[in-house]
Amino acid sequence: MFRISRLTDYGIVVMAHLAECRDDDSHNARELAEDTQLPAPVVSKILKSLTRAGLLISQRGSKGGYSLARTPSEIPVVEMITALEGPVGITECTIHPGACAQEASCQVRDPWQRINSALHAALDKITLADLAKPIEPESPFVPLVGIDGTATDRMKLATKALE
């Protein structure tokens, strides 16, 4: 199964929170832990990794803290995952060529590498801004012209939605 770690998931939650703040203020680790309801030691570890990767800026002092190094639309998901997990790869040979003794005769190596490239490209197109904006739930009702809210109109809406 392909999945990101809990630490990476939490890291993206912290990044999305910073993106939603929409201010240039720095936020300290304790505030971020409280705001995201994540354990403070975990948040501190995440912030250090993201700063090392150049995704966050760390400022010391009484008004210090962390802020995004770039705008949310300039930070692709693949960079956040790489900062917290390491290179994106669905098999060992897509990350480290030569790591597998079967590599030279493997019939599925090239297809896996194409799949990995497609995954990497997809994660590169999705940005922090995409993750930070709220998703509008789809309404189960289809709007109809001339609805006045009567029971007949509600029935028409429900029937139309099921079509």
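R30 and E34 form a salt bridge, with the closest N and O atoms 3.6 Å apart; the term denotes a side-chain nitrogen of Lys or Arg within 4 Å of a carboxyl oxygen of Asp or Glu. The two residues are separated by about one helical turn, because they lie 4 residues apart in helix α2. Helices here are DSSP runs (H or I, at least four residues), as are strands (E, at least two), and both are numbered from the N terminus. E34 is exposed, with a relative accessible area of 52%; exposed means over 50% relative accessible area, buried under 20%, and partly exposed in between, with a 1.4 Å probe and protein chains only.

The model is predicted, and local features need pLDDT of at least 70, side-chain atom pairs count only at pLDDT 80 or more, and totals for chains, interfaces and linings use all residues. Residues are numbered from 1 along each chain as its sequence is written, and side-chain values use heavy atoms, with hydrogens and water left out.

The structure holds 3 salt bridges. One of them joins E79 to R70, with the closest N and O atoms 2.6 Å apart. Both partners are partly exposed: E79 has a relative accessibility of 29%, and R70 has a relative accessible area of 29%. Another links E103 with R109, where the closest N and O atoms are 3.0 Å apart. E103 and R109 are both buried.

From helix α2 the chain passes to Q37, which is placed in the loop between α2 (29-36) and α3 (40-52). The phi angle of Q37 is near 60 degrees, a positive value in a residue other than glycine. Q37 counts as exposed, at 72% relative accessibility.

S26 is buried, with a relative accessible area of 15%. Its side chain makes a polar contact of 2.6 Å with the side chain of Q59. A polar contact is a pair of N or O atoms within 3.5 Å; within protein, one must be able to donate a hydrogen and the other to accept it, and residues adjacent in sequence count only if both atoms are side-chain atoms. Neighbours within four places in sequence aside, S26 is in contact (heavy atoms within 4.5 Å) with E31, Q59, K63, G64, G65, Y66 and S67.

In soluble globular proteins, nonpolar side chains tend to be buried together. A nonpolar core is a set of buried Ala, Val, Leu, Ile, Met, Phe, Trp, Tyr and Cys residues joined through side-chain atoms within 4.5 Å. The largest one in this structure has 28 residues, and those with the most contacts inside it are M15, L47, L56, L68, M80 and L128. Two or more residues each come from α1 (6-21), α2, α3, β2 (65-68), α4 (77-85) and α7 (128-132). Of these elements, α1 gives the largest share, 6 residues. M80 touches I12, M15, L55, I75, L128 and L131, residues up to four places away in sequence not being counted.

The cysteines remain to be considered. The whole structure contains 0 disulfides, a disulfide being a pair of cysteine sulfur atoms within 2.5 Å. For C100, the nearest cysteine sulfur is that of C106, 6.5 Å away. C100 is partly exposed, with a relative accessible area of 36%, and C106 is also partly exposed, at 34%.
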